Amino acid sequence: MPDALLFAVLGDPISHSRSPQIHQAFAQQWGHPITYEAIRCSAQDLPHQLAQCWSRGHQGLNLTVPLKERALACCDHIDEAAQQAGAVNTLIRQDTEWAGTNTDGAGFLADCETHQISLAGQHVALIGAGGAAKGLCPVLLNQGVSRLTVLNRTEHRAQALVNQLDDSAVQALSLSDAEQPSVDDSTFDLIIQATSAGHEDTSPHLHASWLSADAVAYDLNYGPAHEPFRRWAQAQEICTVDGLGMLVEQARLSFIHWTGWAPESQPVIEQLRAEQVIPSALD
Ligand code: NDP
């Protein structure tokens with residue numbers, strides 16, 4: 001039996017992370033043992049922790065809140081996916097340096113494909129203007145959405161994100177405006193819920209008049225944090241997908257970067273749903 005390869009996820013808080021369980025499930029499919037640690041790390045401590053992990057022989061790292069943007073300045077090499085997202089979620093050990101990439105956007109796309117959610121030509125409402133929303137914008141534009149409306153509780157953050165993208169297909173709107181009846185005939189085909197409101201047991205919502213007849217919704221949250229948005233979407237009779245598939249797909253892409261071996265995501269998604277009592281993705 002070969003020595004176990006060493007990996008870790010860094011962030012703060014970190015005890016809730018499902019990454020160790022997901023990567024151990026991938027390693028079981030692969031047939032090679034791995035050690036996957038969860039290391040609590042503040043943004044300030046990131047350079048020190050990266051040096052520690054390098055000297056301890058980690059082959060790869062995942063980064064989560066609040067490290068993804070901070071890591072841009074700490075990596076020796078950043079690829080295009082990380083540059084476009086403005087954030088790093090995966091570090092790969094190379095000969096003499098950490099290389100940074102971002103698998104969140106590609107993980108989202110893989111899950112959209114699984115659920116046959118089309119993006120090209122769609123008018124997309126992206127609710128939220130935090131790190132996750134920011135990372136999805138270039139991915140959505142690359143996929144050819146016809147319009148992208150960024151809605152946020154704090155309107156100036158949505159506006160700042162739109163200004164940064166500098167694309168005439170993108171506009172900003174205050175979330176509170178979209179909670180009122182629509183004043184023109186523009187409607188959304190796809191609603192992407194990328195706020196953390198579900199962790200406070202609440203949910204942003206859009207007035208029914210903003211929804212197209214066959215609108216679908218994708219919530220980046222999963223588990224209990226998905227419930228408030230799921231209830232709203234169910235009341236509007238629109239199909240909703242939760243973010244568990246994206247979580248597993250982005251992890252799968254990290255695993256491929258590290259090992260060169262591609263695990264299957266669906267058995268791991270099913271295992272998590274069974275163990276964590278996370279409801280089905282589509283309802
Ligand atoms: P950030 O902290 O960077 O951003 C939070 C966003 O949520 C802001 O737009 C904020 O608005 C908004 N918000 C927070 N509370 C409320 C509320 N009560 N009502 C309305 N809006 C609110 O978080 P991230 O962007 O990193 O993550 C967002 C969510 O996506 C998290 O819940 C995270 O777990 C999930 N996620 C899931 C992933 C997956 O793989 N499934 C990957 C990445 C993230 P404001 O600007 O007004 O404060």
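Predicted model: local features only at pLDDT ≥ 70, side-chain atom pairs only at ≥ 80, totals over all residues.
Residues are numbered from 1 along each chain as its sequence is written, and side-chain values use heavy atoms, with hydrogens and water left out.

**Exercise 1.** State which strand order the open sheet of 6 strands has, and which strands stand at its edges.

*Solution.* 
Step 1. Strands are DSSP runs of E of at least two residues, and helices are runs of H or I of at least four, numbered from the N terminus. Two strands pair if DSSP finds at least two bridges between them.
Step 2. The order is β9-β8-β7-β10-β11-β12, with parallel pairing.
Step 3. β9 (170–174) and β12 (239–241) each have a single partner strand, so one side of each lacks a neighbour in the sheet.
Step 4. β8 (residues 147–152) pairs with β9 in the parallel sense over 5 bridges. Leucine 151 stands opposite leucine 173 in β9.

**Exercise 2.** Describe how helix α5 (residues 131–142) and α6 cross.

*Solution.* 
Step 1. Axes are lines fitted to C-alpha atoms, for helices over the stretch in contact (heavy atoms within 4.5 Å), and angles run from 0 to 180 degrees between N-to-C directions.
Step 2. The two axes come within 11 Å and cross at roughly 40 degrees.
Step 3. Angles under 35 degrees count as roughly parallel, over 145 as roughly antiparallel, 65 to 115 as roughly perpendicular and the rest as oblique; α5 and α6 are therefore oblique to each other.
Step 4. Lys134, Cys137 and Leu141 of α5 make the contact with Leu161, Gln164 and Leu165 of α6.
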